[in-house]
Amino acid sequence: IENEYQRIESAFNGKGSRYVQWAAGLAVGLQTGVPWIMCSQQDAPDPVINTCNGFECGVNFEGPNSPNKPSLWTENWTSFVQRYGEEPFIRSAADIAFQVALFIAKNGTYVNYYMYHGGTNFGRTAAANVITSYYDQAPLDEYGLIRQPLWGHLKELHAAIKLCKVPLLAGSYETSSLGHLQIAYVFKGKSGKCAAFLVNNDNTSNARVRFQNISFELPSMSISILPDCKNVAFNTAKVSTQYNTRSRTVQYKFDSMERWEEFKEPIPIFSNTLLKANALLDHMSTTKDTSDYLWYTVSFQHESDAEAELSVVSNAHVVHAFVNGAYQGYAHGGKDNFALENPIELKNGTNHITLLSVMVGFPNSGAYLERKTAGIQSVRIQNRYLNNYQWGYQKIGLLGENLSIFTDNGRNEVEWSRFQGRHHRLIWYKTVFDAPGGNDPLALNLGSMGKGEVWVNGQSIGRYWVSIHTPQQRPSQTWYNIPRSFLKPEENQLVLVEEEYGDPLRITLDSVSITKDAKY
C-alpha cells in the first residue's frame, strides 16, 4: 500500500503520519484476506507489515515492529539505478550473499532481489537522467544472460539455505557469542535437526572459532552455513564460481552513405506556433509527458546590427539556443538551475530567439512531486529580460515526433534527403537493415552518436546520451538492446533523432554473448 514513504514523510509534518494511518486503514478495510505491506515504513500500523528495502537489510533492518509480523526484505538491491554521467554500481557476489545469509540467520522470512533480472527502459520510460539500461549488473543481465560469479554464487547460497529448511521453519532460535565480532545463530528442530549460521563481522581479519566443540575458520566478513550444525555447506566469502565475460561481435555496419537518409528538424519561430503566452511556461505541464522536447520562441525588434550576449537559465536537463534560425550553443544540468551564456549577433529589424528545452525523463520521487516545475526560468539579452514577452510554444515537441516519421505510416509525411555526410544538430536519420542470423541477443552500438532517441520498426528502444561521460571519461551506456522480437527477417527500419554532431556511419549492430562456464 506504500513504498519508501518514510523517506519523505517528515516533509509533510504531522500530515505524513496521518496519511500512513489512513492508507493502512484503507487497505485493511478492503478485507482481501491477504497481508498488506509498507516497504521501508518502520511505523506501519498493525496489521500492515513493515519491510526493508536496501543493500544491507541483514545489518540495518530494525525488524518487524510487532511480534506477530514476519521479517521481510522486499528489495535487495543487486546494483542500483544508473544515471547519465555515472559508472554502474557493482556489488560483489560475496557481499550480496553475506547480507542474505545474515538476514535469514536473524529470523528473516523472505528475500526478494531487486533486480534479479536486468531490463531496458524502452521509449521514454526512464526517469529523470536515468539511462536506458536498467540493473544490467543483476544476476541475469539486461539481455537475460547469466552474470558470473554472481548468479552461480547465489544459486549455491540458496541451495545451502534450503538444506536448513526444517529447523528454519519449525525450530527454536537462539544466538551465542563466538568472539568479539563473531556470533552463532542456531535453529533447532523438535526432531533433533539443527542448522547454524556462523558469522564473522570482522572486515579485516579471519577468525578461528569453536562451535559445539568443533573448530571453524571464518574468513573476514563472512557467514558459514551448517545445515547439520557440524559441516559447512557454504561460506559467503568463498566464491568458487568462475567469472564469465560478456563480449560483442559486429554483425552489421551501417557505413554506407547511400543507405542513409536525413531530415532536418525545422526550427520554429513565434509566428508559426499554436500556443502563445505572456510568460515562460512550465515544460512538464505544457507537454503533459507527450515529449521530451518543448520549443520556446519569441520575436522582438532591434534597431541595428549588433553583438550581444544571450543568457538562458533553465532547470530542465538540456537547452539548445537558435537565433534567427542559426544554432548558437547548448548547455545541460542536473537537479539545479544551469545557464547557457553565448555571444550572439542581432540584426536590424525583427529577431527570432528560439530555445529548445529538453527533459531526459521526468522526476519520479520526492515530497510534493506535483509541485515540481521544470523548463526555462529566465531569458536575457544584454540588459533586456524577455520573461514577460509574449512567447510561442509547440505543444508536441518535435515535428518529427508529431508526424511519427519513425513509423511506416509517418515516414512519408516529410521529405527525406540523401545523407550528405555532414553532421548537423537536430536532425533525423533513417536507414534499413536485415536481421542477423542466430539467436544471440542484439545491441546497437551508438558510440559514434551524441544524444537523442532510436526507433526500430516504429518501436522506441530508448533514449541515448553517449556524449556525456563518467569521471572515467566514457559513456554511461554505449550499447542499446534491440530484442529480436522487434525485428523482421528483412527491411527493418532504423530511425534516430540526433541533437548533437553524431556520425551514423559508424553505428554497428552487434551480437551479445558470454563465455561458457562448464560448471553451470
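A: One term is needed at the outset: contact means heavy atoms within 4.5 Å. This is a predicted model, in which local features need pLDDT of at least 70 and side-chain atom pairs count only at pLDDT 80 or more, while totals for chains, interfaces and linings use all residues. Residues are numbered from 1 along each chain as its sequence is written, and side-chain values use heavy atoms, with hydrogens and water left out.

Q: OK, into which domains is the protein divided?
A: There is a domain 1, made of 248-264 + 400-516, and a domain 2, covering 270-397, with bounds that come from an automatic or database domain assignment. Taken over C-alpha atoms, the centres of domain 1 and domain 2 are 28 Å apart.

Q: How many residues of each are in contact?
A: On the domain 1 side 12 residues take part, and they touch 17 residues of domain 2.

Q: And what area is buried between domain 1 and domain 2?
A: About 1200 Å² is buried between domain 1 and domain 2, and carbon and sulfur atoms give 60% of that; buried area here is the accessible area (1.4 Å probe) that two parts lose on being put together, summed over both.

Q: What is the count of salt bridges between domain 1 and domain 2?
A: The count is one salt bridge between domain 1 and domain 2, where the term stands for a side-chain nitrogen of Lys or Arg within 4 Å of a carboxyl oxygen of Asp or Glu. Arg463 pairs with Asp292 in a salt bridge whose closest N and O atoms are 2.6 Å apart.

Q: Which elements give two or more residues to the domain 1 side that touches domain 2?
A: Those elements are α8 (399-402), β30 (451-456) and β31 (459-465); helices (H or I, at least four residues) and strands (E, at least two) are DSSP runs, numbered from the N terminus.

Q: Switching topic, what does UniProt place at residues 1-160?
A: An unreviewed UniProt entry places "domain: Glycoside hydrolase 35 catalytic" at residues 1-160; such positions are given in the numbering used here, feature names are shortened, and annotations may be inferred rather than shown by experiment. Over residues 1-160 the chain is 30% helix and 18% strand, with the end C-alpha atoms 33 Å apart.

Q: Is the peptide bond from Asp46 to Pro47 cis or trans?
A: That bond, from Asp46 to Pro47, is cis, with omega near 0°, and Pro47 is found in the loop between β2 and β3. The peptide bond from Tyr114 to Met115 is also cis, and Met115 lies in the loop between β5 (108-114) and β6 (119-120).

Q: And is the phi of Asn129 positive or negative?
A: Asn129 has a positive phi, near 65°, and sits in the loop between β6 and β7 (133-134). Most residues other than glycine have a negative phi, and most peptide bonds are trans.
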